[in-house]
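I opened this file to look up how the strands pair. My entries are set out below the display.

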Amino acid sequence: MPVTRQRLTAALCTHSSFSFGAGTAGPTTLVRRAAELGYGAIALTDTINVTGGAELFAAAREHGIQALIGATLPVRLGDHVYPLVAIAASRNGYRTLNELITHAHAREERDVPWPVLLSHTADLIVLTGGRDGLPARLLAARRVNALEARMRELRGAFEGRLFVQLFHDRLPWDARRARVLRRFAQSLSLPVVAAPQVRFAKPDDYRLYDALVCARLGISVQEPHPERPRNSAGAMPSPDEVAARLPFPEALQNANFVAESAAFELLPERLVTPAARIPAGLTADQQLERRCFEALLTRYDVETLPPARRKLEEELATVRALGLAEFFLVAAEVTDYCRAHGILAAGRGSAAASICCYLLGITAVDPVKYDLLFERFLHTGKATMPDVDIDISSARRDEVIAWVESRFGAATEAMVCNKITYRLPLAIQDLGRALGLPMDQRTKLSRSLGRDFRGMSPRRAREAAVAFDEVLGDAPAKEVLIELLSAMESAHPRHIAPHSGGVVLSREPLTHYAPLERSSGGIKIVQLDKDDAEALGLIKLDLLGLRMLAALERAREEVFRLEGVWLDLADLPDDTRVWDLISAGATLGLFQVESPSQIHTSRVMRARTMRDLAHQIALIRPGPIQSGTVHPYLRRRQGLEPITYWHPSLEAVLGKTYGVLLFQEDVLRIGVHFAGMTWTEADRFRKKVSSFRDVADIEPDRQAFVEGAERHVGATREEAERVFEAVKSYQGFGFAESHAWAFAIHAYASGWLRVHYPAEYLAAIMTEEPGMWSPSTKRHEARAWDVPFVPLDVNRSGVHYRVEWARRDGKPVKAVRPPLCAVTGVSADAARSVMLERLRHGPFVSVDDLYARVALDRDVLEVLARAGALDALATRRAALYRVGVLTGSAPAGEQPLLAAPTPTPGLEPLGVEGRLVWDMHTTRFSTLELHPLDLVRDQLREWGASSLAQVGRQARGARVRTAGLVVSRQRPPTAKGFAFYILEDGPVRAQLIISPDLWSAHRTLVRDAALIVADATIVDTGYQLTLKAETLAMLEGPFAVRGYEFG
Amino acid sequence: MVPIEVQPTRGPPRALRWTDPLGRAQDARVARVLDDWDYAGRWWEREVRRYYLLLETDAGHTLEIFREGDAWCLSRVSD
């Protein structure tokens, strides 16, 4: 009789790189490899997580194989932990698995106690683990009776779903081990299953796997460890190889049987909304309609009501069709809460185009008035989650999130996670340590990567060879390290961390979708990132902390405190002075328009309306920059060139942007109104345009686009091609128009406060630190705002920057007082304890008095003395001396029993330069008007370098030698290798343009220099003093400014 | 390590020949393969993979041999 050889079709025990430090390949790579090798099914069984699940199922669908989701659970039995593989047999089993993983993460030991495992068994298939598993280890220890007892317990709990796992790692006696395990299983009438543990896709990945294991274990490759591999057996084997190593037909057959038994689709077709509060007797749709129509009558007048009503009815029909009414109501609950508690919050993004969002108070932009496109946000063909992003005052976001958790319940609310992927510096730290590179060498190497390479994926390590050569020279480890880094996948995850604001809200417990865990900072997160959450049918709200909203909120409170006026920041009057300020480019400290390129654009654009401002904000983004929009837009706006359209039909779409592509909505509208796409097709096309990396990805769309345009608007092939090319070049990030409008409102509010209440606004932005400029730069800008600073003072300063009345030239003037917390190392609690004591028993009269009344650490007292906070009590040196004497004599915060210790000797007071240096070291800025560059003025004169103020008085085209403190370094990817540094000298700043050649020639200098001396040509003058660098030199200074960096 | 000649060059080994420390030629016939395994070596020092075989000879001896690249070596003999 012919014997049919059993063929293995399922890889059941596969670890991806989501088994952090215990796998090298992403789920997609593993699926691709499994398909290549002829498997029909693959199970992902990462260690206590299912984070790779959504990717696995999507990839498996693409490659036509079956995906199974499971996890490896560390199960605790007494003092020992045994890995056990659990595979979900159904959606219900998936929930059980998630509950077990959640349980493990809730424990400090991150494991599943045996009784917990036995009480969570529904629809789970269990494999007993590989070399470290319970059977293999107890058999090796000859504890057969104990093993039998445990296996009987497992068999009872997982009846018919427990399999003894056979493995073969090509280690000595593995064949015999497999036979023994099989015999043992037979003795208990348990089925066996062939399931070698896969840790990487191909044998060559073995080295990287070993290095990652070492990094995870914190050992070097020289140290042996039982968890380290000894060969490449962790590579995915072919079914034939498994059959040869484990020649037991029933084990192969059972693997196939497990795969067949565990077939279910993880990714649903529809989104599931969270449960909103709805009055009894109403449906969600009725409640949404009720709220919207009520608000409609208050927001619109007779003239605007009819179009608004039409738009609302259309939107409501779409929302009804998609079953998303509760989603809108839930988002409204969040903004309702914020409003009721005085927290500034406003929706941003495409949601600002929705009249429902506007009427519910989620957004502040009227989409009817500004003709915003709802279809960018939602349309009936949209299968993906609508984005509702709500900006919340960063100072109070935690309060809102805590409320959301209490409102929706701990089981149905969590932050989504970010998959933190390796970049070169972190990969160098981890793999370098594994290779035995000392810490200082790793740190030096990470630093030497500089702006050129540090953002790169480790895979591109070879491109950073110059940095490796600089630090490692000819060390043998260099090449090995580069090889390891190059072998990493481009998005190799290292760990997960909370997302900046994405909250998922679910109708059912979140463990229906994924496990929950707490981040190291205590934040509850679901093991899904935002894309995975969407793929699994969850709806996400982005509750984003926006520092500018916190600053606006704080400024509003300061104005109220000092002037008794409560400002409605969403409804400020239109003010010519605000537009004059913006048009002059005096925008430092203003929301979204304070960068050097925005300052330049402000002066050209000369915005006079909110529409202008929204356009300006959207203009300086990668999409418009790369599509060549910026210059035509500005020139056409100024009347320097005629407004033209690629096709007459596009006037309706691009009329308000002078015929150029500015917004994401423009791409959508072109797709629909020009190329004849449906909204769904156009939305897909828009996404592709904004995210494609390779031209080949977008080219397949050309023909359909061109033919669509020929058919739909009668465009010629040439015209259609031209439009396609224009759209194609709108690559990378661009703003949705609705988003730009939402931001324009905040930008205007910031400008309005800057004009009307500069001191209050300055105090607010110094406290909340929105935007890109350092405290030191803002302090010097304050001179232009005519806002003086008053010194840090332990008897007057508090927790935040505050405005107080001071006198200047005999007249009252509002001045800004820095807080004690501005001093590095002084916590808000420490500052509060000083304030409270001051309030209870009056001002401090001496350093001894402060020391006796407040229990402050010596470090805090010393840094306060250095920062000048005790200047009113003693000179800085004397105060510092006194702190030293006092801390050696009695505990702080207690009245001394003995007489005061030794008096302070006469110490020479610190000069003004010394005070500046101490200020900069302790608070990153100084209330003195002296600028750090003043400390090296003599040297600069010796170099023949003019001050920036002198340079600013010269004409365009003049060649100058000048110098400045580097306060911002930008090298955006869109700038073709050019870098833009901001040099500062007192209140004057200049942009220094560094060419790619100069950059390459001075790689170390541009990376490390705090003070730069440059020979340069003046390109522009005024607020936007711009210099083109010709030569560069570095000047040693007493300190650097930790300024803004990008690119 | 002692170089060893393995016959046939492909497939399961059947005959072995090597020179012992005293310079005498030694021959053995393989009765059976007891085990085999892989050792990847210290990859960070560029060591190459070794494939080990544990063999029993007709004479009742146990030999551990390994292949590194194309060459075979005898690493252990026990009787």
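The entries begin with conventions and then take each chain in turn.

**Conventions.** I note that this is a predicted model, in which local features need pLDDT of at least 70, side-chain atom pairs count only at pLDDT 80 or more, and totals for chains, interfaces and linings use all residues. Residues are numbered from 1 along each chain as its sequence is written, chains are lettered from A and ligands numbered from 1 in the order in which they are written, and side-chain values use heavy atoms, with hydrogens and water left out.

**Chain A, strand 3.** I took strands as DSSP runs (E, at least two residues), numbered from the N terminus.

I counted two strands as paired if DSSP finds at least two bridges between them. Strand 2 (residues 41-47) of chain A runs parallel to strand 3 and is joined to it by seven bridges; A:T47 stands opposite A:T72. Strand 4 (residues 80-88) of chain A is antiparallel to strand 3, with eight bridges, and A:V75 has A:Y82 as its bridge partner there. In this hairpin, two residues lie between the strands, and A:G78 takes a positive phi near 65°. Strand 5 (residues 112-113) of chain A runs parallel to strand 3 through two bridges, where A:V75 stands opposite A:V112.

**Chain B.** I found six strands closing into a barrel in the order 1-2-3-4-5-6, with antiparallel pairing. Strand 5 (residues 62-68) and strand 6 (residues 71-78) of chain B share seven bridges, and B:I65 stands opposite B:L74.

Conventions:
Helices (H or I, at least four residues) and strands (E, at least two) are DSSP runs, numbered from the N terminus.
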